[in-house]
Amino acid sequence: MKRRDFVKGLGAGSLVATSTMLASCSNADTAAGDKQAVTKPATKKIKWKMVTTWPRNFPVLGTGANLLAEMITKMSAGRLTVKVYGSKELVPAKGVFDSVSKGAAQMGHGAAYYWKSRSETFQFFSAVPFGLTAQEMNGWMYYGGGMDLWRRAYEKYNLIPLAAGNTGTQMGGWFNKEINSLADLKGLKMRIPGLGGEVLKRAGGIPVNLAGGELLTALSTGNIDATEWVGPYNDLAFGLHKQAKYYYYPGWHEPGTTLEVIINKKAFEKLPVDLQEIVKNAAKAVNMDMLSEYMAKNNQALQELVGKHKVNIKKFPDDVLKKLKLLSDQVVSELAEKDAFSKEVFTSFKHYRDNVIAWNDISEKAFISARSQ
Ligand code: CA
């Protein structure tokens with residue numbers, strides 16, 4: 001009995017002791033918490049604007065930008081909220097870079113090749129004809145030196161870039177005549193922007209730059225003979241199959257286009273470290289998420305284009321691709337001659353590409369061809 005009472009007493013005593021300890025801990029925490037609220041900006045609510053180059057809620061590209069904003073808001077428990085603006089809502093698509101550079105908006109979503117008028121070298125950070133696939137791009141960016149070069153490229157514009165989405169390998173485009181030889185590209189008016197357009201020009205074609213929303217009309221009026229856009233999912237949504245007979249592959253000009261989020265450098269540096277990490281990791285999550293969405297939805301849309309709309313899917317002839325690759329190599333290596341920094345970017349990209357081709361030849365490429373046998 002006595003022993004039991006003693007144990008009981010001890011139990012009660014230790015409970016009292018424990019609750020006293022808890023109480024003191026909790027007091028200490030509260031005191032520290034109060035101090036933190038006064039001295040650190042971590043609990044201050046910060047509001048950012050994200051301008052984008054896409055129409056609001058545009059499938060995958062626009063909705064991916066929305067997802068990025070939602071993730072940042074939720075991951076920070078509302079300490080950093082991001083409001084998304086579609087193109088033309090605050091600034092037109094082409095105004096995104098300047099808007100974030102000046103700090104009118106803190107973030108922007110688009111792709112580096114849209115800003116090639118500032119530097120042709122920016123195009124390495126989005127898509128290079130016969131360049132890198134999505135997974136290869138991610139390897140170069142995160143572990144091959146690409147990200148550091150990209151940061152240096154944007155530094156003087158007061159911008160920090162992050163990879164924030166990838167389309168995967170695009171389609172070659174919609175044509176109203178068959179492409180059986182290089183001669184069929186001569187005089188061909190095709191909507192194809194960036195370096196791919198320059199390559200088409202050297203092959204004798206006429207590259208045209210049009211916004212996505214204008215493509216269907218331009219095809220139907222004969223203003224253009226052909227157009228590329230993204231891939232089955234986005235192309236089906238635009239109805240391009242209604243105005244073109246042949247859907248060619250592969251998208252040699254955009255083998256794995258990286259989308260970007262640009263962040264005003266001063267705004268980013270003002271964030272506490274945990275919010276900076278949230279922004280960086282939300283971008284990384286969206287980078288993967290968009291690619292996954294494209295992979296799933298492109299193959300569904302391809303089934304619909306072929307099964308329901310009876311679209312004629314064709315591969316560019318090998319000799320046409322071979323010639324386009326030669327021209328692409330010329331166009332891309334000329335970029336290296338612009339200045340010392342361009343040469344550094346080109347050298348890094350080329351070195352990585354040569355090595356990754358050797359590895360992929362005996363890994364993914366070998367597996368995919370073995371699987372198709
Ligand atoms: Ca494209």
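**Ground rules**

I am working on a predicted model, where local features need pLDDT of at least 70, side-chain atom pairs count only at pLDDT 80 or more, and totals for chains, interfaces and linings use all residues. Residues are numbered from 1 along each chain as its sequence is written, and side-chain values use heavy atoms, with hydrogens and water left out.

**Entry 1: salt bridges**

I first noted the general idea: side chains of opposite charge can pair when their charged atoms come close. For a salt bridge, I need a side-chain nitrogen of Lys or Arg within 4 Å of a carboxyl oxygen of Asp or Glu. How many salt bridges does a search of the whole structure find? I got 17.

I looked up Arg-118 and Asp-98. Their closest N and O atoms are 3.1 Å apart, and they form a salt bridge. This pair links distant parts of the chain, 20 residues apart. Arg-118 is in the loop between β3 (107–110) and α4 (134–143), while Asp-98 is in helix α3 (residues 96–102). I take helices (H or I, at least four residues) and strands (E, at least two) as DSSP runs, numbered from the N terminus.

Next I checked exposure. Buried means under 20% relative accessible area, exposed means over 50%, and partly exposed is in between (1.4 Å probe, protein chains only). Arg-118 has 29% and is partly exposed. Asp-98 has 32% and is also partly exposed.

I then turned to Glu-269 and Lys-265. They form a salt bridge, with the closest N and O atoms 3.3 Å apart. Why are they separated by about one helical turn? Because they are four residues apart in helix α9 (residues 265–270). Glu-269 is partly exposed at 49%. Lys-265 is partly exposed at 22%.

Lys-308 and Glu-304 gave me another salt bridge, at 4.0 Å from N to O. Is Lys-308 buried or exposed? Lys-308 counts as exposed, because its relative accessibility is 59%. Glu-304 is partly exposed at 32%.

I also found a network of salt bridges that links Glu-198, Arg-202 and Glu-334.

Gln-170 and Trp-229 are 59 residues apart. Gln-170 sits in the loop between β4 (159–166) and β5 (173–175). Trp-229 sits in the loop between β8 (226–227) and α8 (232–238). Both residues are buried.

Where is Ser-76? I found Ser-76 in the loop between α2 (61–75) and β2 (80–85). Ser-76 is buried at 1% relative accessibility. The side chain of Ser-76 reaches the backbone nitrogen of Leu-80 at 3.0 Å. That is a polar contact (a pair of N or O atoms within 3.5 Å; within protein, one must be able to donate a hydrogen and the other to accept it, and residues adjacent in sequence count only if both atoms are side-chain atoms). Leaving out residues up to four places away in sequence, Ser-76 touches Leu-275 and Ile-278. Contact here means heavy atoms within 4.5 Å.

I placed Asn-299 in helix α10 (residues 273–307). Asn-299 is partly exposed at 42%. Asn-299 and Tyr-233 are 66 residues apart in sequence, yet 7.9 Å apart in space, C-alpha to C-alpha.

**Entry 2: aromatic rings**

I searched the whole structure and got 23 aromatic pairs. The rings of Phe-58 and Phe-238 have centres 5.7 Å apart and planes at 55°, so this pair is tilted. Rings of Phe, Tyr and Trp (its six-membered ring) pair if their centres lie within 6.5 Å; planes under 30 degrees apart count as stacked, over 60 as edge-to-face and the rest as tilted. Phe-58 is buried at 11%. Phe-238 is partly exposed at 23%.

The rings of Tyr-248 and Phe-316 have centres 4.9 Å apart and planes at 15°, so I logged them as stacked. Tyr-248 is buried at 1%, and Phe-316 is buried at 3%.
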